[in-house]
Amino acid sequence: MKLEHGTPMDIEGESMRIIREELSAMGVTLPPDRAAAVLRAIHTTADFDYAQNLWFTPGAVEAGVAALKAGIPIVTDTNMARSGINRTACEALGVERLCYMADPEVARQAREQSTTRAAAAVDRWASEHPGAVCAVGNAPTALLRMAELMEAGALRPALVIGVPVGFVNVVESKERIWALCRRMGVPAIAAMGRKGGSTVAAAICNALLYQAAGMRK
């Protein structure tokens, strides 16, 4: 079997061409500032629903790109998301990729407080990186704890990426963080509904990183 598009760059380029072609056939026109994030979410999932359910507060992409250009770190709720965030782009910008889910102190705090590690990790975000780009792809409890800390004035992210996947508290957590970000003027990108995941969180981060680093992707 002959591969028509053999290199990773060729395969990705052809994939993006197909995605754009299918979106056009659906009559979907993506706003220019949001196109890269939406295209990467679709590319990583093969799910065209992201053209509709990925919501952006005004100026969210610009705020995220500016934060990354300034070397603001990215904190995530899973090591899978952290691993999926492009290391080369981060190194070019001096951006740290951080996840505290495997940290023993976070695990201890979660046990003592009878909460999830994701929620306990958010406390760590607030104490060490209160102005970070916060990317949540798995745990709605992380979004709920973020909302509590934001309301308390202990956390004000440069950008919230809220795309957890699942069935329990997922829709509700996204609706809460979305409404709060709108009210507080915090930039946010959220996948409304049940869909999302660590790969989507990483894909959105990468779309912003490539723009910030001037990488052609």
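Tutor: Start with a definition: rings of Phe, Tyr and Trp (its six-membered ring) pair if their centres lie within 6.5 Å; planes under 30 degrees apart count as stacked, over 60 as edge-to-face and the rest as tilted. This is a predicted model, where local features need pLDDT of at least 70, side-chain atom pairs count only at pLDDT 80 or more, and totals for chains, interfaces and linings use all residues. Residues are numbered from 1 along each chain as its sequence is written, and side-chain values use heavy atoms, without hydrogens and water.

Student: How many aromatic pairs does a search of the whole structure find?

Tutor: One aromatic pair.

Student: What makes W55 and W178 a pair, and why is it stacked or edge-to-face?

Tutor: The ring centres are 5.6 Å apart, within 6.5 Å, so they pair. The planes stand at 70°, over 60, so the pair is edge-to-face. W55 lies in strand β1 (residues 54-56) and W178 in helix α10 (residues 170-184), 123 residues apart. Helices (H or I, at least four residues) and strands (E, at least two) are DSSP runs, numbered from the N terminus.

Student: How do you know whether W178 is buried or exposed?

Tutor: Buried means under 20% relative accessible area, exposed over 50%, partly exposed in between (1.4 Å probe, protein chains only). W178 has 11%, so it is buried. W55 has 38%, so W55 is partly exposed.

Student: Why do β1 and β3 count as edges?

Tutor: Two strands pair if DSSP finds at least two bridges between them. The open sheet runs β1-β6-β5-β4-β2-β3, with mixed pairing. β1 and β3 (97-99) each have a single partner strand, so one side of each lacks a neighbour in the sheet.

Student: What makes β4 and β5 a pair?

Tutor: Strands β4 (residues 133-136) and β5 (residues 159-162) share four bridges, in the parallel sense. V133 has L159 in β5 as its bridge partner.
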